[in-house]
Amino acid sequence: MNIPFKDLQVGQTACVTGFAKELTDRSYLRKLLAMGFTRGTEFQVVRVAPMGDPVEIRLRGFSLSLRKDEAAALKIELK
């Protein structure tokens, strides 16, 4: 079951299942892929900034901060 990235809580683990069809900026899609967001990649929410944005996640052995509106391009499911 796909869920929105914004609904993830600290400590939850999710898996990338795809990308939003309405993602028209192909250069941004390439950036997400370059950062390691390929189908099947698992990541964990480490912490959230005090105002709720950005979110720090851990994937493929490194930490990455991502804004929730940018992460909306990801289709994810809980693990």
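In the hairpin of strand 4 (55-59) and strand 5 (62-66), two residues lie between the strands and Arg60 takes a positive phi near 50°. Strands here are DSSP E runs of at least two residues and helices are H or I runs of at least four, numbered from the N terminus. The model is predicted, so local features need pLDDT of at least 70 and side-chain atom pairs count only at pLDDT 80 or more, while totals for chains, interfaces and linings use all residues. Residues are numbered from 1 along each chain as its sequence is written, and side-chain values use heavy atoms, with hydrogens and water left out.

Strand 4 and strand 5 run antiparallel and are joined by five bridges; two strands are taken to pair if DSSP finds at least two bridges between them. Across this pairing, Ile57 stands opposite Leu64 in strand 5. Strand 3 (42-48) also pairs with strand 4 in the antiparallel sense, over five bridges, and Arg47 has Glu56 of strand 4 as its bridge partner. The hairpin of strand 3 and strand 4 has six residues between the strands, and Gly52 in its turn has a positive phi of about 95°. Four of the five residues of strand 4 are buried, so this strand is largely enclosed by the rest of the structure. Buried denotes under 20% relative accessible area, exposed over 50%, and partly exposed the range in between (1.4 Å probe, protein chains only).

The largest nonpolar core has 21 residues. Such a core is a set of buried Ala, Val, Leu, Ile, Met, Phe, Trp, Tyr and Cys residues joined through side-chain atoms within 4.5 Å. Among the residues with the most contacts inside the core are Phe5, Phe37, Phe43, Ile57 and Leu74. Elements that give two or more residues to the core include strand 2 (13-19), helix 1 (26-34) and strand 6 (74-78). Leaving aside neighbours within four places in sequence, Leu74 is in contact (heavy atoms within 4.5 Å) with Val16, Gly18, Phe19, Leu32, Phe37 and Leu66.

The structure holds two aromatic pairs. In one of them, the rings of Phe37 and Phe43 have their centres 6.2 Å apart and their planes at 80°, so the pair is edge-to-face. Rings of Phe, Tyr and Trp (its six-membered ring) pair if their centres lie within 6.5 Å; planes under 30 degrees apart count as stacked, over 60 as edge-to-face and the rest as tilted. Ring pairs link Phe5, Phe37 and Phe43 into a cluster. Phe37 is buried at a relative accessible area of 0%, and Phe43 is buried at 1%.

In helix 1, Tyr28, Leu29 and Leu32 are buried. Seen down the helix axis, the buried residues fall within an arc of 105°, so they line one face of helix 1; the arc is that of the directions from the axis to the C-beta atoms. Arg30, Lys31 and Ala34, on the other side of helix 1, are exposed. The cover over the buried residues of helix 1 includes strand 2, strand 5, helix 2 (68-71) and strand 6. Gly36, which follows helix 1, has a positive phi near 105°.

Thr41 is placed in the loop between helix 1 and strand 3 and is buried, with a relative accessible area of 5%. The side chain of Thr41 reaches the backbone oxygen of Thr38 at 2.9 Å. Beyond four places in sequence, the contacts of Thr41 include Ala14, Cys15, Gly36 and Arg60.

Notes. A polar contact is a pair of N or O atoms within 3.5 Å; within protein, one must be able to donate a hydrogen and the other to accept it, and residues adjacent in sequence count only if both atoms are side-chain atoms.
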